[in-house]
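Please examine the sequence and the structure shown below. The paragraphs that follow lead through selected parts of the chain in turn.

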Amino acid sequence: MEPSALPYPATPHGHKYSLLHISNSIPHDIARSSYMQRIYTNHPNKNLKTPKKTHEVMKEIATENFQRICEAYEILTDENKRQIYDIYGMEGLTSGLELGPKLNRAEEIKEELERLRRQKEQEKISSHVRPSGTILAKLSLPHFLDGRGIMRGMSMSSEVQSQISKSNAIAVGGNLAVKGNSGGAAATAVLHRQISSFSSIEFMASAGLRSLIGIQTSRHLSLHSTATMGVAMSLRDGSINLSNSWTRQLSETTNGNIELALGPESSISVGWRKKEEKMSTAAEIKLGTGSFGASAHYTHRLSEKSHGRIAGRVGSGALEFEVGGGRKISNFSTVRMLYSVGIQGIVWKFELHRGGQKLIVPILLSRHLNAVFATGAFIIPTSLYFALKKFVVKPYNLKREKQKALENMEKTQAQVRESRAAAGKAQQLLQNVANRKRSKQLETDGLVITEAVYGSPIALKNKDNLEEQKDDLASQIMDVTLPLNFLVNDSGQLKLHQGVKKSGIMGFCDPCPGEPKQLRVEYTYGGNRYEVVVDDYQELLLPQESHRI
């Protein structure tokens, strides 16, 4: 069985369910049988025949567990308390639901849950305000050397999209461009309405350099194809522009499109795009009444944070080849450096992408194509980048990640020590029953847990090496063989319910708070050996033939 992602829905406050070893979906009255079994095992007076000193220790452990089990049973068998616990956790129960209105009846709890759901939906709608913008600053080294300043031109564009209702969205934007002593600006507004699940319509208006009004409609012709048709009229000369485009999904990762434009600048273009997990590529050919062009690019994902890119463009006014790459420097930011050579000259281009914002700085190095200069302009910055990455950036990132891991471990060490001590006490209490069950299963050649380890997936993979060397990873796992043998029922089966966190099971603890966890189990059944690994919230059902080694 392969580990899977956290199932939905899962109970965020699942420790009480784990204590009683029940699913979060079963009726409260069925929990009684599991409760009675736990109470019998953990009753403080159960070990009266043991020596006095041992009895006192066992009684103290049993009393603590007995109280925890009674509290869990009281909460999960009371309909009101159970709903409050599922929504707010123990904080809601102990504070009298001071996080929100004080709720006394199940109807009030349901109303509050519905209110929170509506509030979340409103927040989701209001959060659909998506700003985006681009700043383009063109620099020129030849201009600077000639004494005319380094700035060759600059342009800015900005747009804000907002989902004003479930079916309607509005976008307002503008752009500004300056070159030398001249410049211009424009403002645009677009209203998008979703007519149905198959069609939509857009109304647009623009004022400034390109004053126009227009309308565009889109419709899904089939499961894999979409058609778009639009008409726009220029407010300056009254000219009409018609546009039609057809897009079809060719495969799961590939789509193609054809676009036809009729007007003062008529053209037809054919495009193709493919996007997979590790790469993306696109190509387009465009033929117009006064021009033609073709372009293509290929981007390959080198790692989780970096990618490489190759692009080319050829046409009546351009001949250019571009190569470069980028790196993700945070969850929202990416930097990219590109090198291009063509009839317009040799150019370095630096880009910073953050969210929907872009800063693009192309630097013209030379207007003339010189082989030596072009080679040096490519090799020198590339070599500098890889040198900095190897000797500065990579060591710094490794040091920072290690420091963060140590800080997190220091913060949680005291908590983990207490949890391990509590889990150890619980395992002492379960030991007699677990050993008895194990012996019974051995006699019948039934289900016997030979080894079970719970904790960090990385530590589980390196467990054999961790036994020889005591390092930080070794503290991120714990042996849970005994509590799992305790949970084997008389029929020789073991079930851990889906959606319930395993660290809440008696005899377990969380050895690495805040980190993902897995459970690896090795067991025997019918004279055969089995092994399985499951995620923290994943269901575990033993034995299964698919686990056989």
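**A guided reading of the model**

The side chain of K502 reaches the backbone oxygen of D536 at 2.8 Å, a polar contact, that is, a pair of N or O atoms within 3.5 Å in which, within protein, one must be able to donate a hydrogen and the other to accept it, and residues adjacent in sequence count only if both atoms are side-chain atoms. The model is predicted: local features need pLDDT of at least 70 and side-chain atom pairs count only at pLDDT 80 or more, while totals for chains, interfaces and linings use all residues. Residues are numbered from 1 along each chain as its sequence is written, and side-chain values use heavy atoms, with hydrogens and water left out.

K502 is placed in the loop between β20 (494-496) and β21 (518-525); strands are DSSP runs of E with at least two residues, helices are runs of H or I with at least four, and both are numbered from the N terminus. K502 is buried but has no salt bridge. Here buried means under 20% relative accessible area, exposed over 50%, and partly exposed in between, with a 1.4 Å probe and protein chains only. A salt bridge is a side-chain nitrogen of Lys or Arg within 4 Å of a carboxyl oxygen of Asp or Glu. The nearest side chain of opposite charge, that of D536, is 5.1 Å away from K502; Lys and Arg count as positive and Asp and Glu as negative, while His and the chain ends are not counted. Neighbours within four places in sequence aside, the contacts of K502 (heavy atoms within 4.5 Å) include Y454, L496, F508 and L519.

The wider setting comes next. The secondary structure of the protein comprises 11 helices and 23 strands, and 35% of its 549 residues count as buried.

Which residues have the most contacts inside the largest nonpolar core? They are I449, L484, L494, L519, V521 and L542, in a core of 31 residues. A nonpolar core is a set of buried Ala, Val, Leu, Ile, Met, Phe, Trp, Tyr and Cys residues joined through side-chain atoms within 4.5 Å. At least two residues of this core come from each of α8 (371-443), β18 (448-455), α11 (481-487), β20, β21, β22 (528-535) and β23 (540-542). The largest share, 5 residues, is supplied by α8. A second, separate core of 8 residues includes L139, L365, A374 and A377. In soluble globular proteins, nonpolar side chains tend to be buried together.

Charged pairs provide another view, with a count of 10 salt bridges. One of them joins the side chains of R309 and E322 (3.7 Å, N to O). R309 lies in strand β13 (residues 306-315) and E322 in strand β14 (residues 319-328), so the pair ties together parts that are 13 residues apart in sequence. Both R309 and E322 are buried, and R309, E322 and K349 are linked in a network of salt bridges.

The side chains of E539 and K495 also meet in a salt bridge (3.7 Å, N to O). E539 lies in the loop between β22 and β23 and K495 in strand β20, so this pair ties together parts that are 44 residues apart in sequence. E539 is partly exposed, with a relative accessible area of 30%, and K495 is partly exposed, at 37%.
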